[in-house]
Amino acid sequence: QVQLVESGGGLVQPGGSLRLSCAASRSIFSTTAMGWYRQAPGKERERVAAFTSGASATYADSVKGRFTISRDSAKNTIYLQMNSLKPEDTAVYYCNARYVTYSGPPEDYWGQGTQVTVSS
């Protein structure tokens, strides 16, 4: 089992910034993809930012230019720097990692989620 531990959520005013962290219990070198998702009240879960299998970063249109995903492979950790936050960014944010396996398809793991609230 792989454990993902998230931190950094909280309450912030519009225009403010937060930095989320996700530490994995297994080396992230063996991940197929790793990134951040969010789910707002009454909405479906959506991908926010991720490193793909090709190691390139992708972003949702709603966060481009404001959010930045980064990683520290030595610490098995990814980050999400969130700037110019808007009330629409309010959601529970989840870390996701896909790991290769000895046989069959990759396996998905999820963090417990961390609440981000942007007041208006």
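Visitor: Is Tyr37 buried or exposed?

Guide: Welcome! Keep in mind that this is a predicted model. Buried means under 20% relative accessible area. Tyr37 has a relative accessible area of 17%, so this residue counts as buried.

Visitor: Which residue forms an aromatic pair with Tyr37?

Guide: That is Trp110, and the pair is edge-to-face, with 5.0 Å centre to centre and 65° between the planes. Tyr37 lies in strand E4 and Trp110 in strand E10, 73 residues apart, and the pair links these distant parts of the chain. Trp110 is partly exposed, at 38% relative accessible area.

Visitor: Now the nonpolar core: which residues touch the most other members?

Guide: Nonpolar side chains tend to be buried together in soluble globular proteins. Here the largest nonpolar core has 30 residues, and those touching the most other members include Trp36, Phe67, Leu80 and Tyr93. Strand E9 gives the most to this core, with five residues. Away from its neighbours in sequence, Tyr93 is in contact with Tyr37, Phe67 and Leu80, among others.

Visitor: And the open sheet: in what order do its four strands stand?

Guide: Follow E1-E3-E8-E7, with antiparallel pairing. E1 and E7 are at the edges with a single partner strand each, so one side of each has no neighbour in the sheet. E7 and E8 are joined by six bridges, and Ile69 has Leu80 as its bridge partner in E8.

Definitions and conventions
Residues numbered from 1 in each chain as written. Predicted model: local features only at pLDDT ≥ 70, side-chain atom pairs only at ≥ 80, totals over all residues. Heavy atoms only, no water. Core = buried A, V, L, I, M, F, W, Y, C linked by side-chain atoms within 4.5 Å. Buried < 20%, exposed > 50% of the residue type's maximum accessible area, 1.4 Å probe, protein only. Helix = DSSP H or I, 4+ residues; strand = E, 2+ residues; numbered from the N terminus. Contact = heavy atoms within 4.5 Å. Pairing = 2+ DSSP bridges. Phe/Tyr/Trp six-rings, centres within 6.5 Å; stacked < 30°, edge-to-face > 60°. Lists of a residue's contacts leave out its neighbours within four places in sequence.
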